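Hi everyone, thanks for coming. Please have a look at the structure on the screen, and then I'll walk you through a few parts of it.

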Amino acid sequence: MTPVGCPMADLKSKIASSGFRGELRLGEPMANHTTFKIGGPADVFAVPAGEGDLALLAREAQSAGLSLLVVGDGSNLLVRDGGIRGVVVSLARFDGIEPLSSNGPNGQHGAFRVGAGVKYQRLAYRMAEEGFTGIEFAVRIPGTVGGALVMNAGTPEGELKDVLLAAAFIFPDGSRRILLKEDLGLGYRSSRLPAGGIATTIDVLLAKGSPDEIRGRMDRLASERRSKQPQGVSNAGSVYKNPPGDFAGRLIEAAGFKGRRVGGAEVSPVHANFIVNAGGARAADVLALMEEIERTVAERFGIRLEREIRVVGEG
């Protein structure tokens with residue numbers, strides 16, 4: 001129970017009384033909201049119903065001097081055991097996919113507006129159903145469209161920037177702006193999104209294709225990834241970016257870490273660039289394993305691995 005007069009309870013009450021639509025929870029375990037199934041509590045966990053509610057939440061958090069962290073479905077994310085101070089925002093209700101236009105002879109291309117909370121691979125399957133090609137690569141990539149924008153998520157077959165047109169953002173003062181792809185600094189598993197901006201939708205442009213051929217490509221990619229990645233065990237996706245001209249998984253395996261375990265955290269026996277929650281893992285276990293990997297790879301190969309997963313919260 002949260003005591004009366006608690007600043008977070010006061011903030012929740014203020015937000016709730018201001019017309020905010022959505023969910024507000026205090027002390028929400030982040031283990032319930034990460035694919036690692038790891039993480040301490042968030043002071044406030046909010047699920048706004050729409051852009052107006054997000055803008056209200058952002059203004060109130062800024063006015064209270066609180067940090068605001070947006071999470072998708074919690075992939076590529078490790079929350080420390082002490083949890084997260086401030087406000088955590090889920091965009092789960094930003095889950096719409098709507099056509100904007102078709103152009104070219106016989107509608108050979110189509111533009112779509114996609115909510116930041118849409119699962120990335122759900123978008124790929126929906127576009128396949130509609131007969132649009134260009135985003136098949138997203139099959140079996142975890143996470144949401146918003147997270148995919150932050151990371152410019154992709155594979156050797158393609159990445160988000162290949163189909164992106166623009167993105168809409170809500171800012172801490174409650175304002176809304178649309179920025180073109182060229183303004184977002186998208187690179188290999190990276191972006192330079194505007195400071196403080198929260199992406200709410202993206203616009204993509206895809207080419208018309210044969211649904212059967214598109215699904216065939218997706219089925220082949222999904223089969224390949226299932227055979228190379230851990231299945232049925234909680235993880236956060238690839239832990240490290242591939243260094244130029246090499247593969248993080250190869251380096252980690254060559255350093256002798258495949259199958260290595262600290263507490264409940266284990267380097268996957270299937271693919272060494274995945275750390276899995278083998279049972280009861282804490283964030284401290286994962287971090288200890290990561291630090292050992294990074295130190296050993298640097299000593300043996302002279303390569304400093306760059307983390308792909310984000311580590312947030314307090315220890």
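Let's begin at Gly131: this glycine follows helix α3 and has a positive phi, near 85 degrees. Before I go on, a word on the source: this is a predicted model, where local features need pLDDT of at least 70, side-chain atom pairs count only at pLDDT 80 or more, and totals for chains, interfaces and linings use all residues. Residues are numbered from 1 along each chain as its sequence is written, and side-chain values use heavy atoms, with hydrogens and water left out. When I say helix or strand, I mean DSSP runs numbered from the N terminus: H or I of at least four residues for helices, E of at least two for strands.

Back to α3. Which of its residues are buried? They are Tyr120, Leu123, Ala124, Met127 and Ala128. These fall within an arc of 135 degrees seen down the axis, so they line one face of α3. The arc is taken from the directions from the helix axis to the C-beta atoms. Buried here is under 20% relative accessible area, exposed is over 50%, and partly exposed is in between, with a 1.4 Å probe and protein chains only.

Now helix α5, where the buried residues are Ile214, Met218, Leu221, Ala222 and Arg225. Their arc is only 105 degrees around the axis, which puts them on the same side of α5. Asp212, Glu213, Arg220 and Ser227 are exposed on the other side. What do the buried residues of α5 pack against? Their partners are α3 (120-130), β8 (132-133) and β9 (154-155), with contact meaning heavy atoms within 4.5 Å.

On to the sheet. It is open, with 4 strands in the order β1-β2-β5-β3 and mixed pairing. At the edges sit β1 (22-29) and β3 (68-71), each pairing on one side only. Two strands pair if DSSP finds at least two bridges between them. β2 (residues 41-48) and β5 (residues 84-90) pair in the parallel sense over 4 bridges, and Val44 has Val87 in β5 as its bridge partner. Helix α2 (residues 51-63) packs on the sheet, touching β2, β3 and β5, and its direction makes about 170 degrees with that of β5. For such angles, axes are lines fitted to C-alpha atoms, for helices over the stretch in contact, and values run from 0 to 180 degrees between N-to-C directions.

Is Gly146 buried or exposed? It counts as buried, because its relative accessibility is 16%. Its C-alpha atom is 7.6 Å from that of Thr201, 55 residues apart along the chain.
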